[in-house]
Amino acid sequence: MPATETHPTPALREADRLMTICNACRYCEGLCAVFPAMELRREFSAGDLNYLANLCHGCGACYYDCQYAAPHEFDVNVPVALSKLRAESYQRYAWPGALSGLFERNGAKVALAAVLAVLAFLAGFLALVDRQVLFASHVGPGAFYAIMPHNAMVALFGAVFVFAIVAMVFSVRAFWRDTGGGEGAIGDGSIWRAMIDAGRLRNLDGGGAGCMNADERPTDNRKLYHHFTFYGFILCLASTSLATLLHYALDWQAPYAWWNPVVVLGTLGGIGLVIGPVGLLAARRRRDRAIATDGQSAMGIAFLWMLLLTGLTGLLLLVLRATPAMGLALAVHLGFVLGLFATMPYGKFVHGIYRFAALVRYASESQVKDDAEIKNT
Ligand code: SF4
Ligand code: SF4
């Protein structure tokens, strides 16, 4: 196994060792996209391994199906090996590189960012807004802006959001290049097929049985709650985008009526961001320790709490928006939103962009393989 010796980190060496064993065994090839992608290779570069690691959805099925898992001397545990490598890849591709250290002890850093952002908004409002205004009931268009001017909100959140997007674009570009992507690497229809796979979480079902739990009974709960979380986030993003459009294009100022699509989308999204993370946090507690990794767990838990508190405080703001408590509710909600935006490129959020890029590459590779097979028949 010469390539194993050349990899610079233990996570890469272990992933290389396991993929070499799995490539000889191939028992799990029907479980998910990782094994068919692995079978296209004889040796594994660091880029290949990082690609396979991010293609893995961590369902756990291949661990329970494996005849070479401990106590066998091969000690094969693909979910844990690929999970550790995934975490390492987040750091490897982070942009700018000087901030890659934020992925170490990530759970504590994300929690600290959220607390500091909420405290900064509370302190800022208490220091800068007249108490009679802060604790008054505001109704009608522009009510929120009595507390914080719209332009200030746009400048602050726009700057942080744009930085997060730029950082993630550079990060995924580095991942794409390192994992073999380049000119012409995206096949026709690959992005669409990846969107369908990502939208359905096709690879998070353990080959059809579902995700494995500590009692070794697979369920679809993780997939279901991931859908709540993902689509909840998308609906909240759609609500915010629509509100921005209405503000600038039609001069319709928030807060909007209950029936307005901005509020409907935001409410449904907020509910998704509560149900999904609560379900995923509960699913983590039932997960077998044999397929869990501590560093990844802390990062994932901090991210889920950040989403949960963003959704929860958004719904709370909706309920309290015409009361004297609106100012404080707004401070807390904006704090969590800012914390979420600021930590997006340096936390568990990035699993979504790397996994999507891996799915695009998998769709492209599969297309090339299918075309070659058709040609040879
Ligand atoms: S995980 Fe185990 S059973 Fe599955 S392909 Fe790898 S070695 Fe074979
Ligand atoms: S997605 Fe599931 S079956 Fe596939 S490699 Fe990851 S843990 Fe194993």
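H333 is found in helix α14, residues 326-343; helices here are DSSP runs of H or I with at least four residues, strands are runs of E with at least two, and both are numbered from the N terminus. This is a predicted model, in which local features need pLDDT of at least 70, side-chain atom pairs count only at pLDDT 80 or more, and totals for chains, interfaces and linings use all residues. Residues are numbered from 1 along each chain as its sequence is written, chains are lettered from A and ligands numbered from 1 in the order in which they are written, and side-chain values use heavy atoms, with hydrogens and water left out.

Is H333 buried or exposed? H333 has a relative accessible area of 15% and is therefore buried; buried means under 20%, exposed over 50%, and partly exposed in between, with a 1.4 Å probe and protein chains only. A polar atom of the H333 side chain lies 3.2 Å from the backbone nitrogen of G314. A polar contact is a pair of N or O atoms within 3.5 Å; within protein, one must be able to donate a hydrogen and the other to accept it, and residues adjacent in sequence count only if both atoms are side-chain atoms.

I turn to N260, which is found in the loop between α11 and α12. With a relative accessible area of 5%, N260 is buried. Its side chain has a polar atom 2.8 Å from the backbone nitrogen of V262.

V264, in helix α12, is partly exposed, at 37% relative accessible area. Together with L224, F228, L268, I271 and I275, V264 makes a nonpolar surface patch of about 470 Å². Two or more residues of this patch come from each of α11 (221-250) and α12 (261-286), and α12 gives the most, with 4 residues.

Next, the ligands. Which residues surround ligand 1? They are I21, C22, C25, R26, Y27, C28, F35, C62, C66, Q67, Y68 and V78, where a residue is near a molecule if one of its heavy atoms lies within 4 Å of it. Helix α2, residues 10-25, gives the most to this shell, with 3 residues. The shell divides into 10 nonpolar residues, 1 polar and 1 charged.

Around ligand 2 there are 13 residues, of which C32, C56, C59, G60 and C62 come nearest. The elements giving two or more residues to the ligand 2 shell are α3 (34-39) and α6 (78-93). This shell comprises 9 nonpolar residues, 4 polar and no charged.

Notes: Nonpolar A, V, L, I, M, F, W, Y, C, P; charged D, E, K, R; others polar. Patch = residues over 30% accessible without salt bridge, like charges linked within 9 Å, V, L, I, M, F, W, Y side chains within 5 Å. Areas by Shrake-Rupley, 256 points an atom, 1.4 Å probe, with all protein chains shown as cover. Salt bridge = Lys/Arg side-chain N within 4 Å of Asp/Glu carboxyl O.
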